[in-house]
Amino acid sequence: MMIALPLLAAMEMGRIPVVVLLIYMAVLLGLGVLGYLKSRSSEEDYYLAGRGQGVLVTVLTIMATFFSSAAMLGIPGLIYRDGTAFLFFALNLPVSGAAIYFIGSRVRRIGQARGYVTPGDLVADYYGGSRLLRMLVALVGFLYVIPYIIMQIKAGGYLAQRLFPDAAGLTVFGQEYGVFELGTIALSVLTMLYVLIGGMRSVAWTDVIQGVLLLSGMLVAGLATVMAMGGVSEYFTAVRSLPSEALSLPGVSGAWSPWKLLTICIFASLSTMIQPGQWMRYYAARSSQTLKRSALIFATVLPGCFLFGVMLVGLGAHVLYPPALVDGTLMPHEMIGATAGDFDQVVVAMLQEHIPLLLGVGFGAVMVSIILVSVMAASMSTADSNLHALSAVLTRDIYDRFIRPQASERERAWFGRGVIVVATLLALWLVGLGSAPGEFNPLTMIASLMFVAMAFSGQLVPLAIDCLFLRKGTTTGAICGISSGILVVLFFTPFPAMIAGDGIASSWTGLTKLLSGLFDIGFCGAVVNTLVFVVVSRFTRPLPAEHIAAFARDADG
C-alpha cells in the first residue's frame, strides 16, 4: 500500500526523522515508567489516576483525546476535497466545550460520590442496576473504541510512509511487511506499552506532551501554508478565486447538506464527549470546578487552532493542488495521493512540500519531522485513551459482573491488561485486512471511521441526558431505546449487507443512502432511540421515587 509522494517528500532527510522519533518514543516510555512508579496498586488508581487531575492535565488530556488523527488527517482531507462547506464543522468545538461544562461536571460529581469508574457504572446504577443495560452500554463503548483505534493505527502507517519513503520492508517467517505495516505495528506496540505500564496517570501525562505537540503542529502547518502562498492577502485572494462549488454548500462532492452539517455539529459533539475515554476523564478530574475551567479553555483554544491550522491547510491545498474528476470519481491531485482514499494525506504532503522551501532543507527537515511526530501524537493520544477505556469497560462491566464476580483486584488488573493487548492485535488485524487488495475494505478514509464510531457512541446521549437532567425514563425504556439506536446505526454500515447478501440488503440500502445524505447517521439512530425510549417509558414501570431523589441529590450537589 504505497501512496504518491510530493516533490520534496523524497528529499534526503538523513537520520533526522529517526532521531526525532526516538526522542519522542523515549519520552513517552519514560512517562509510562514514571506513571507506574507514582501509582498505587488499586483498580481506581490505574483507571482514574486517583481522581486528582488538575486543570492543565485535564484540559490537555481531553483535547488530546478529542483531536485524533481524524482532526489532523481526515478532516483536512474533507476540507481539501469539498472546500469551505466543512467550515461549519468548527461549531462542534464550542458545543463540545458546553458538554464538558454541563454534562462532564455532573458525571464527575456523582462519580465521586458513588465510586463510579465506567459509563456503565452510572447508567446501570440509575436504571435499577440492570445487567442487560450495563452490557449494552459496554457494547456501545466497544463499537466506538475499535473503529477509533483502527483509525489511529492507519495514521501510523501513513506517517511511516512519509517519514521513511525509501525504507526497505522486512520479511519475517515468510511474511513481508512494508513501511505502512511496520508503521502501524510500531505505533500500536508503543502505545500499548505505556498504557499497560502506567494506566490513566501515564496516559494523561503523555497526553500533555502530545496535546502541546498537536496544537503547535496545527498552527505551524497553517502558517506554512499561508507563507507558501505569499502571505495573508495572497492566500485569501487565491481562496476567493476557487470555483463556486468549493465555496458553498453542499461542497464539491455534494456530500454536505445544511441539515447534515447541523446534525453533525450538534450531535457528533455530544457523541464525542460522552464516549468512554472522555467519560472516564470526567471521573478523574480533581473537582467539578476543574472540569468547568477546562471546558472554557477547550471552547476558546481549539476553535482557533482548528480554523487557523486545519482549515487553512485544507483550503490552501485545494488552491495549489485542486482535486479533479477522473472517470466520474473525485480524485486528489497527484501531488497529494494516488487513490480516492488519499485525501487524508493532504496535511503531510503540504508540510513536506512547502516547509523545506520556506526554511531550507536542513532546518526544514527538522521541522517536518517534528510536525509529523505531532500528527503521530494526535493518533497516539486518542489510541491510548480508547485502549485504556476499553480495558476498564470490559473488565468492570463484563468480566467482573458476569464472568468472574469473585475475582480479586489483582486478577481484574491482569484481565484489563489482557484486553489492551487483544484489542491492539484485533485492530492491527483489521487494518491489515482492510489494506489488502481485493479483501474486506468497507471504510477507506480515516474520517469515515470517525463518523461511524461517533454514531455508535451517540446512542448513549438520550440515556445520559435523562439520568443526569430529566429523570423521566424507565429501565425497560432505556434498554429498548439504546438497542434500537444501535440497530439503526448498524444498518448504515456495510456489515448487514456482508451478512445478509446484497439481494436482501437492497431493500433498505436505498433508504439509508438517502438519510445519510441528509443527516448524520448517529443522529438518525438517536432519533429512533429517543422515540422508542419515550414511548416504552410511558407504558412501563417507573423507577422508585426515593431512588430518583437520592440520585438527583448526588448529581446536583
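Modeller: Helices (H or I, at least four residues) and strands (E, at least two) are DSSP runs, numbered from the N terminus. Just after helix 22, Gly557 takes a positive phi of about 75°. The model is predicted, so local features need pLDDT of at least 70 and side-chain atom pairs count only at pLDDT 80 or more, while totals for chains, interfaces and linings use all residues. Residues are numbered from 1 along each chain as its sequence is written, and side-chain values use heavy atoms, with hydrogens and water left out.

Biologist: What makes the span of helix 22 close to the one expected?

Modeller: The expected span is 1.5 Å times one less than the number of residues; helix 22 (residues 545-556) has 12 residues and reaches 16 Å from its first C-alpha to its last, close to the 16 Å expected. Its buried residues are His547, Phe551, Ala552 and Ala555.

Biologist: Why are these residues placed on the same side of helix 22?

Modeller: They cover an arc of only 130° around the axis, taken from the directions from the helix axis to the C-beta atoms, and therefore lie on the same side of helix 22. On the other side, Ala545, Glu546 and Arg553 are exposed.

Biologist: Why is Ser130 called buried?

Modeller: Buried means under 20% relative accessible area, exposed over 50% and partly exposed in between (1.4 Å probe, protein chains only); Ser130 has 11%, and is therefore buried. Ser130 sits in the loop between helix 6 (119-126) and helix 7 (131-163).

Biologist: Which residues does Ser130 touch, not counting residues up to four places away in sequence?

Modeller: With contact meaning heavy atoms within 4.5 Å, Ser130 touches Ala124, Thr475 and Ile479.
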